[in-house]
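Visitor: I have a structure open and want to learn to read it. Can we start with a pair of packed helices and then move to a sheet?

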Amino acid sequence: MKKRIIMMAALIGSLTATAAYAFPDRPIQIVVPYSAGGGTDLSMRLLAESMQRHIPGATVIVRNQPGGGGAIGTSAIIHARPDGYTVGAGAQGPLALLPHLGSTDYTIDDIQFIGLVGRNLQVMVACRDAPFSDFDSFMAFAKEKAPQIGNSGAGGANHISTEAFAKAAGIKVESVPFGGSSEAMAACAGGHIQAMVASPAEALEQVKAGTVKPLFVEEEGRIDLFPDTPSAKEKGIDFTWSSWKGIIAPKGIPEEDLKILRDGVKAAVEDEEFQKKMKDLGEFVQYEDAEAFKERAKRDSDTAEAVIKDLGMYQMNK
């Protein structure tokens, strides 16, 4: 009888321990630090659907918390209760750039990385009537005179990446800020600036129309959309850059639950249905585990910090 009681107690203890780690037993919330309807928002809604298919028993919802260029929602993610039920979209601007501009209450070291979801590739294009039409003529011009290169806003990713490329290439550029990438592209197609950085999808229509010409891509090698366009690395400039987004969380989540989240995001991103829907949106899907995602973010943060200091825009955070 005594042996039976001990066995029952052990079984109850085992069930209690299992119940204590029955994650998730309530909805997981993905905080998106931007308004509804944008690229990050749409991507995260597709990811939430896919996560539900790959995390047993999970309900995954999306909550938008825009403001501060993404800093407000990102802060909410990082300072949430570390129970695994609040995660969020971690984007390049709020994670790698804004902390160096003094506009956040966090740094990149405060972040728990879960996994990379995708990247937005970058291509430098020559605008209408520009005095260059390929990489070699662009570099020849830039060694004599700073080209006017448009960006989507001062201190933004395109601004920083252009200045970072110029630093790596040993040239000077005249950065021209606009109120968004669409405004910059309109100015480029109209011949009001000489070049700009855009995503391949943003540039494709104008390239087909003959109003802009791709000069180089900011990847390790060439890309399918512009197979005849070299990469900067191919041309001897040690520089790559892309904007990215993934899933982040507050630090301190129990290891068992953190593993469930990481495994769930990996499976969700590698899901064929998710990848097809993302491709239909023009998104470039790429999974990286937490460590690779962290390394990418820290590398971009270090690059951005150096450029922001050179521009005299750096402010000590915290």
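Visitor: In which hand does H2 cross H9?
Guide: This is a predicted model. In it, the crossing of H2 past H9 is right-handed.

Visitor: How are two packed helices described?
Guide: By the angle between their axes and the distance between those axes. Here, helix H2 (residues 39-54) packs with helix H9 (residues 255-269) at about 115 degrees, and the axes are 8 Å apart. That makes H2 roughly perpendicular to H9.

Visitor: Which residues of H2 and H9 meet?
Guide: From H2, look for Leu47, Ser50, Met51 and His54. They meet Gly264, Val265, Ala267, Ala268 and Val269 of H9. The residues of this contact are six nonpolar, three polar and no charged.

Visitor: Now the sheet. How do strands of a sheet pair?
Guide: Through backbone hydrogen bonds, either parallel or antiparallel. This structure has an open sheet of five strands, with mixed pairing and the order S7-S6-S8-S5-S9.

Visitor: Why is one side of S7 and of S9 left without a neighbour in the sheet?
Guide: Strand S7 (174-177) and strand S9 (213-217) stand at the edges, so each has a single partner strand. From one strand to the next, the twist averages 30 degrees.

Visitor: Which helix packs on the sheet?
Guide: Helix H6 (residues 157-169) does, touching S5, S6, S7, S8 and S9. Its direction makes about 150 degrees with that of strand S6 (148-151).

Visitor: In what sense do S5 and S8 pair?
Guide: Antiparallel, over four bridges. S5 spans residues 123-126 and S8 spans residues 195-198.

Note on methods. Residues are numbered from 1 along each chain as its sequence is written. This is a predicted model: local features need pLDDT of at least 70, side-chain atom pairs count only at pLDDT 80 or more; totals for chains, interfaces and linings use all residues. Side-chain values use heavy atoms; hydrogens and water are left out. Two strands pair if DSSP finds at least two bridges between them. Helices (H or I, at least four residues) and strands (E, at least two) are DSSP runs, numbered from the N terminus. Axes are lines fitted to C-alpha atoms, for helices over the stretch in contact, and angles run from 0 to 180 degrees between N-to-C directions. Contact means heavy atoms within 4.5 Å. Angles under 35 degrees count as roughly parallel, over 145 as roughly antiparallel, 65 to 115 as roughly perpendicular and the rest as oblique. A crossing is left-handed if the near helix is turned anticlockwise from the far one by less than a right angle, and right-handed if clockwise. Ala, Val, Leu, Ile, Met, Phe, Trp, Tyr, Cys and Pro count as nonpolar, Asp, Glu, Lys and Arg as charged, and the others, Gly among them, as polar.
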